[in-house]
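Trainee: Please take me through the model shown below, one feature at a time, with the cut-offs behind each term.

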Amino acid sequence: MRFLIACCGLLASLSSASAQQTGDAFFEAKIRPVLVKHCYGCHSDESKKAKGGLKVDTRAVLLKGGDSGAAVVPKSVEKSLLYKAVAYQDKAMQMPPDGKLPEAVIADFKKWIEMGAPDPRGAKSGLAVQAKIDIAKGREYWAYRAPAKPSLPAVRDADWSLTDIDRFILAGLEQNKLKPVKDADARTLVRRLHLTLIGLPPTPEAVELWSARLAAANTPKAKQEVMSKLVDELLTSPRFGEHWGRHWMDVARFGESTGGDANNVTPHAWRYRDYVIDSFNADTPYDRFIIEQLAGDLLPAANPKEFATNVVATGFLATGVKLVAEEEGRRFFADMVDEQIDATTRVFLGTTVSCARCHDHKFDPIPQTDYYALAGIFRSTETHFGLMKAQARQANTLIDLTGMGLPVVGQPIAKEQLAKLKDERDKAAALVDDIFRKRRAGDQIAQSVWLRSRTDRDRTEFAYQQYDEKGNPRVFAMGVQDRELPVETWLNVRGEPDKFGPKVPRGFVQVVAKPGKHTLPTTKGSGRLELAKWIASPENPLTARVMANRIWHHLFGSGLVRSVDDFGVTGEQPSHPELLDHLALRFVEHKWSVKALIREIVLTRTWQLAGDNDETNFATDPDNRLLWRMKPRRLTAEAIRDSMLLVSGHLDEKRPLGTFLVSVGEGTIGRSVFEPEIRKIEADCRSVYLPRVRNVLPEMLDLFDAPDASLVMGVRETTTSPLQGLYLMNSPFVRRQAEGLASRVLAAKSEDPITTAHLLAYGRPPTDKQRATANDFMTNFKRAATTEKLSDIDRRSLQAYCHALLCSAEFRILN
């Protein structure tokens with residue numbers, strides 16, 4: 001208790017940050033399709049008479065409800081009649097009447113209502129629903145026009161800017177009669193660079209070295225030279241790819257389970273994770289990075305390893321959420337294609353094409369035919385996500401890449417062990433055949449026996465297939481490949497896979513393509529390679545803009561377009577449109593180098609500003625959209641955890657081979673794989689390598705807002721809750737890192753342990769006030785523990801103080 005009270009007295013409060021609005025995307029992906037399929041027939045303008053006076057086809061009428069009252073009360077599941085109806089809580093009011101929805105769908109409605117029932121159909125005033133889409137007029141929208149090289153703006157303070165980017169920022173400030181704050185001090189810059197580029201704080205030695213060099217630079221040019229050297233050192237660190245690769249996995253919705261209605265572990269997804277990290281470290285040109293992920297299997301390769309790596313890259317299309325418990329194969333296939341379209345267009349184009357699955361896009365110039373033109377490409381693609389038949393109704397295979405040079409997980413087995421696996425497989429298969437014949441002959445065999453025999457057959461077949469004929473482990477990967485022949489695609493009326501409209505040729509998004517160039521130029525293959533090249537073309541008006549904006553977001557905490565995944569009408573306008581065009585063009589000029597664009601941005605004076613507040617500036621621009629300062633923000637969950645491991649001396653920088661999920665086995669979570677077993681997994685490696693099971697994230701990552709990969713997540717939510725503070729104070733993990741930090745302080749044998757602790761944790765010495773507080777804390781702690789040995793008291797008091805440092809706001813805030 002004394003320890004908790006002491007820590008509470010030293011904890012700093014977290015700065016509040018507005019939660020990211022992901023509700024519209026959740027509605028479009030999870031709620032609208034269900035309403036269209038099950039509700040519009042009786043409760044929309046299309047129905048002749050809305051039953052019970054209820055309509056659900058706009059936000060306004062959904063909130064209004066019908067004869068029984070409000071259908072949805074935002075954030076109140078108990079008061080929402082719609083939820084009671086879909087959950088079958090009232091026998092007199094059950095929707096849909098022909099059968100209860102799957103539990104996963106009902107859970108989605110519950111989550112949606114708790115989120116506040118976001119619904120873009122009426123979320124923004126002044127947005128008129130389009131009666132007919134005019135593609136030519138749609139191309140006039142800023143995002144669909146090709147980036148134009150802007151002239152550098154004139155500025156009054158010509159000496160302030162260090163780069164062209166600074167000129168654009170300063171011009172905006174001067175137009176609004178604002179001035180930038182002072183430059184950040186050397187220690188702040190060193191810490192900011194480390195945490196931003198590699199996701200880890202600098203060591204005290206690195207802080208002293210680079211701070212001294214920056215202090216010795218007596219001209220702006222000399223300072224930039226020092227900054228350039230530090231930036232280059234960090235960009236070449238293997239830690240860079242781990243940090244920035246994690247950024248990418250947020251939008252790539254990388255997960256190690258299927259999610260959805262039957263959450264099955266996918267133990268081979270880790271290969272895509274490692275591919276992403278390696279690509280960022282190698283600075284793979286972004287246009288090539290796009291093509292590899294969408295069509296790597298179709299690219300020429302110089303050797304088997306390059307081919308295998310390219311196939312692994314297509315895991316982008318295979319690692320998304322899948323409703324593998326769906327009984328109807330056609331609907332499962334349609335939903336999987338929809339998820340691939342949504343991810344591809346939002347990640348690379350910042351465009352919500354999946355909103356046109358059931359009808360023309362309500363706000364953007366995207367007709368329903370565009371959706372099915374893309375669907376034809378993905379329908380002509382075979383997705384390999386690899387589940388045993390015993391695990392899920394919708395199971396399929398993995399891609400075998402054995403002998404192609406990829407890392408091999410596991411050890412060879414002896415011939416006797418392989419023979420035993422084969423024998424078990426053959427016996428299990430024979431038993432299934434025997435039971436099947438007896439059932440056909442009329443024998444009464446329990447259904448449980450029949451199901452168990454099929455499970456054993458699939459399990460033993462799976463176990464045997466993990467090895468080649470010599471007993472060596474085989475190498476599998478999730479990914480995609482072309483079908484033998486393209487699949488003809490028809491428009492699905494209201495998104496229903498069994499209601500066909502006109503046939504739609506494969507192609508691209510019309511409003512983004514050049515006039516008359518939106519149809520696939522070939523009838524051979526799936527068309528994925530052509531789609532990938534079209535997206536990755538410098539002539540595509542969205543691709544470079546979207547990625548440049550994502551990079552800006554991660555460097556400043558907010559994109560020039562804050563809705564980083566949506567550049568459409570319902571998204572936000574860019575705060576600096578000319579600068580965004582400038583960055584997009586520079587990105588292409590840099591040959592699509594992510595590292596080069598990062599380097600250019602962090603060497604601006606704008607990025608090197610202090611985080612100080614200015615009342616005059618704040619009164620005019622409280623959100624810092626004009627970038628008059630570097631706005632402090634909380635570190636990501638992974639960076640907080642990794643930083644604790646680093647300062648404690650416990651961080652293991654070696655990449656683990658494979659996934660930690662191998663210890664929990666394969667199958668459905670809650671049936672053959674259990675949450676407690678997953679949550680028990682802990683390792684001192686970087687957080688990017690921890691299990692990423694949907695809905696079962698590691699506790700610390702979950703509490704500090706890491707996404708669970710159900711949707712594309714370009715901007716994370718940043719919440720503040722009491723649970724975060726309670727976790728930091730009581731978690732065995734955090735306590736162990738505090739003990740490690742204290743051990744490092746003691747090992748240094750410093751005459752001033754308080755300064756040593758601050759240098760290790762914060763990269764700076766304590767202020768006079770903090771030193772006095774620390775001394776008081778240590779004195780009071782020792783006075784309250786008079787029955788212990790003095791050496792033990794000293795250690796425990798230092799551990800408690802180090803614990804408080806790790807729990808403080810400063811430790812997890814990036815200034």
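**Cavities, packing and backbone**

Trainee: By class, how many nonpolar, polar and charged residues are in the lining of the second largest cavity?

Mentor: A cavity is a set of points, on a 1 Å grid over the protein atoms alone, where a 1.4 Å probe fits but cannot get out, and lining residues have an atom within 4 Å of a point. Ala, Val, Leu, Ile, Met, Phe, Trp, Tyr, Cys and Pro count as nonpolar, Asp, Glu, Lys and Arg as charged, and the others, Gly among them, as polar. By that division, the lining of the second largest cavity has 2 nonpolar, 3 polar and 6 charged residues.

Trainee: What kind of model is this?

Mentor: Residues are numbered from 1 along each chain as its sequence is written, and side-chain values use heavy atoms, with hydrogens and water left out. Local features need pLDDT of at least 70, side-chain atom pairs count only at pLDDT 80 or more, and totals for chains, interfaces and linings use all residues, the model being predicted.

Trainee: What volume does the second largest cavity have?

Mentor: Grid points are joined across faces, edges and corners, and a volume is the space filled by probe spheres set on the points. For the second largest cavity this gives about 80 Å³.

Trainee: Which element supplies the largest share of that cavity's lining, the second largest cavity?

Mentor: The second largest cavity is lined by residues including Glu242, His243, Arg246, His247, Glu638 and Asp642. The elements giving two or more residues to this lining are H11 and helix H24 (637–648), where helices (H or I, at least four residues) and strands (E, at least two) are DSSP runs numbered from the N terminus. The largest share, 4 residues, comes from H11.

Trainee: Which residues that line the largest cavity are the closest to its centre?

Mentor: A search of the whole structure finds 7 cavities of 30 Å³ or more. The largest cavity has a volume of about 110 Å³. Of its 13 lining residues, the closest to the centre are His247, Trp248, Met547, Arg550 and His554.

Trainee: Which helices each supply at least two residues of the lining of the largest cavity?

Mentor: By class, this lining has 9 nonpolar, 3 polar and 1 charged residues. At least two lining residues come from each of helix H11 (238–251) and helix H20 (543–556).

Trainee: Is Asp581 buried or exposed?

Mentor: Asp581 is found in helix H21 (residues 577–589). Not counting residues up to four places away in sequence, Asp581 touches Pro147, Ala148 and Arg545, contact meaning heavy atoms within 4.5 Å. Buried means under 20% relative accessible area, exposed over 50% and partly exposed in between (1.4 Å probe, protein chains only). At a relative accessible area of 12%, Asp581 is therefore buried.

Trainee: How are H13 and H14 oriented to each other?

Mentor: Arg288, Glu292 and Gln293 in H13 meet Glu306, Asn310 and Ala313 in H14; the contact residues divide into 1 nonpolar, 2 polar and 3 charged. Helix H13 (residues 286–295) and helix H14 (residues 304–313) pack at about 80 degrees with their axes 6 Å apart; axes are lines fitted to C-alpha atoms, for helices over the stretch in contact, and angles run from 0 to 180 degrees between N-to-C directions. Angles under 35 degrees count as roughly parallel, over 145 as roughly antiparallel, 65 to 115 as roughly perpendicular and the rest as oblique. H13 and H14 are therefore roughly perpendicular.

Trainee: What relative accessibility does Ile341 have?

Mentor: Ile341 is placed in helix H15 (residues 329–349). Neighbours within four places aside, Ile341 is in contact with Val353, Tyr371, Leu374, Ala375 and Phe378. Ile341 counts as buried because its relative accessibility is 1%.

Trainee: What is the phi of Arg253?

Mentor: Most residues other than glycine have a negative phi, and most peptide bonds are trans. Arg253 lies in the loop between H11 and helix H12 (270–282) and counts as buried, at 1% relative accessibility. Although Arg253 is not a glycine, its phi is positive, at about 45 degrees.

Trainee: And what is the phi of Arg494?

Mentor: The loop between strand S5 (490–492) and strand S6 (500–503) holds Arg494. Arg494 counts as partly exposed, at 24% relative accessibility. Its phi is positive in a residue other than glycine, near 55 degrees.

Trainee: Is the peptide bond from Met95 to Pro96 cis or trans?

Mentor: Pro96 lies in the loop between helix H4 (81–86) and helix H5 (103–114). With omega near -10 degrees, the bond from Met95 to Pro96 is cis.

Terms used
On a 1 Å grid over the protein atoms alone, a cavity is a set of points where a 1.4 Å probe fits but cannot get out, and a pocket is an open set with protein on both sides within 12 Å along at least five of seven lines; lining residues have an atom within 4 Å of a point.
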